[in-house]
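Let's walk through a protein model together, one step at a time. Keep the picture in view as you read, and look for each residue as it comes up.

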Amino acid sequence: MTGFPDDRMERILLTEDQIAGAVSALGSRITADYAGRDPVLITVLKGGSFFLADLVRAVELPLTMDFMAISAYRPQAAGAVAITKDLADPIEGRDVLMVEDIIDTGLTLNYLLKVLRQRKPASLTVCTLLDKDVRRLVDLPIEYRGFSVPDRFLVGYGLDLDGLWRNVRYIATLKDEVWEGT
Ligand code: 5GP
């Protein structure tokens with residue numbers, strides 16, 4: 001699938017090949033950095049599951065995966081989201097890698113990191129595929145970053161608009177009239 005599946009899309013920002021290249025490079029770095037350890041890679045459903053599934057296959061370590069789900073994205077809530085599905089297992093003493101599809105203001109992740117830190121992991125680092133850094137409102141330590149992206153509403157590779165387009169293999173920007181309504 002290479003064409004636009006919908007005329008509400010504007011252009012392809014990142015191709016399938018570019019995404020695969022970044023995933024592979026991040027996987028190699030994580031493999032080297034965590035040598036001798038067995039990290040747990042955590043992501044937030046649903047968007048992050050696509051990146052996580054590809055990333056873990058680029059990491060050559062005995063790792064485990066876990067998932068959280070949170071209530072809908074509400075910028076006005078200063079990042080205080082409700083955790084609607086918590087991790088299946090404790091993370092005390094574990095090397096935790098928090099895997100995100102995109103970090104925008106950073107408020108959501110900042111809140112989640114606070115929650116996870118209280119559970120006393122041995123380490124806690126962040127890996128994001130996309131960093132919309134011009135929009136950042138809080139200072140966040142990001143150890144692993146795939147791409148810095150412009151302040152546009154993006155869809156594809158896990159990112160949705162009203163639940164659609166997660167399954168698109170590339171990442172695309174939307175036309176102004178579509179995303180200004182979001
Ligand atoms: P933050 O708290 O960093 O502002 O919000 C991050 C969350 O907002 C992401 O996990 C994602 O759910 C959503 N988000 C931010 N930018 C985009 C975007 O360009 N496209 C989509 N589909 N979701 C986005």
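Start at leucine 129. Leaving aside its neighbours within four places in sequence, leucine 129 is in contact with Ile19, Ala22, Phe51, Glu100, Asp101, Gly146, Phe147, Tyr157 and Ile171; contact means heavy atoms within 4.5 Å. Before going further, please note that this is a predicted model, in which local features need pLDDT of at least 70 and side-chain atom pairs count only at pLDDT 80 or more, while totals for chains, interfaces and linings use all residues. Residues are numbered from 1 along each chain as its sequence is written, and side-chain values use heavy atoms, with hydrogens and water left out.

In soluble globular proteins, nonpolar side chains tend to be buried together. A nonpolar core is a set of buried Ala, Val, Leu, Ile, Met, Phe, Trp, Tyr and Cys residues joined through side-chain atoms within 4.5 Å, where buried means under 20% relative accessible area (1.4 Å probe, protein chains only). The largest such core here has 28 residues, and Phe51, Leu55, Leu129 and Leu130 have the most contacts inside it. Helix 1 gives this core its largest share, 5 residues. Helices (H or I, at least four residues) and strands (E, at least two) are DSSP runs, numbered from the N terminus. Apart from this core lies another, of 17 residues, among them Val81, Leu113, Leu116 and Val126.

Strand 2 and strand 3 pair in the parallel sense over 6 bridges, and threonine 43 stands opposite phenylalanine 67 in strand 3.

Which residues of helix 2 are buried? In this helix (residues 48-56), they are Gly48, Phe51, Leu52, Leu55 and Val56. Seen down the helix axis, they fall within an arc of 120° (taken from the directions from the axis to the C-beta atoms), so they line one face of helix 2. What covers them includes helix 1 (16-33), strand 2 (40-45), strand 3 (64-70), strand 5 (95-103) and strand 6 (123-131).

Finally, turn to helix 3. The buried residues of helix 3 are Leu107, Thr108, Leu109, Leu112, Leu113, Val115 and Leu116. Their cover includes strand 2, strand 3, strand 4, strand 5 and strand 6.

Terms used. Buried means under 20% relative accessible area, exposed over 50%, partly exposed in between (1.4 Å probe, protein chains only). Two strands pair if DSSP finds at least two bridges between them.
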